Amino acid sequence: MNFELLHTDPGSSARAGLISTDHGTIETPIFMPVGTVGSVKGVFHRDLADEAGAQIILGNT
């Protein structure tokens, strides 16, 4: 996994970048649903991608 910093805001701590993993690249900042206790199990992948714009899901197992 690698993080590439693309832009920082001089007036705050905000930053934008890319997270590269073996599975693909994720643009940051990003909305990341957390699948705790199966909360994301009942949601279709296409709904998370198309409607929520999620590029990554954190799944606690």
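Colleague: How many helices and strands does the protein chain have?

Modeller: Helices (H or I, at least four residues) and strands (E, at least two) are DSSP runs, numbered from the N terminus. In this predicted model, the protein chain has one helix and three strands. Along the sequence they follow the pattern β-β-β-α. Residues are numbered from 1 along each chain as its sequence is written, and side-chain values use heavy atoms, with hydrogens and water left out. Because the model is predicted, local features need pLDDT of at least 70 and side-chain atom pairs count only at pLDDT 80 or more, while totals for chains, interfaces and linings use all residues.

Colleague: In which order do the strands form the sheet?

Modeller: Two strands pair if DSSP finds at least two bridges between them. Here the three strands form an open sheet in the order E1-E2-E3, with antiparallel pairing. Strand E1 (2-8) and E3 are the edge strands, each pairing on one side only.

Colleague: How many bridges join each pair of strands?

Modeller: E1 and E2 pair over six bridges, and Thr-8 has Arg-15 in E2 as its bridge partner. Five bridges join strand E2 (residues 15-21) to strand E3 (residues 24-28). A hairpin of two residues connects E2 to E3, and the bridge partner of Thr-21 in E3 is Gly-24.

Colleague: Is Ile-19 buried, partly exposed or exposed, and what does Ile-19 touch?

Modeller: Buried means under 20% relative accessible area, exposed over 50%, and partly exposed in between (1.4 Å probe, protein chains only). Ile-19, found in strand E2, has a relative accessible area of 22% and is therefore partly exposed. Contact means heavy atoms within 4.5 Å. Leaving aside residues up to four places away in sequence, Ile-19 touches Met-1, Asn-2, Phe-3, Gly-24, Thr-25, Ile-26 and Thr-28. Met-1 is 18 residues from Ile-19 in sequence, yet their C-alpha atoms are 6.9 Å apart.

Colleague: Why does Met-32 count as partly exposed, and where does Met-32 lie?

Modeller: Met-32 counts as partly exposed because its relative accessibility is 36%. Met-32 lies in the loop between E3 and helix H1 (45-50).

Colleague: What share of the protein chain is buried?

Modeller: Buried residues make up 13% of the 61 residues. Accessible areas come from the Shrake-Rupley method with a 1.4 Å probe; for residues, only the protein chains shown count as cover. The protein chain exposes about 4,900 Å², and carbon and sulfur atoms supply 54% of that area.
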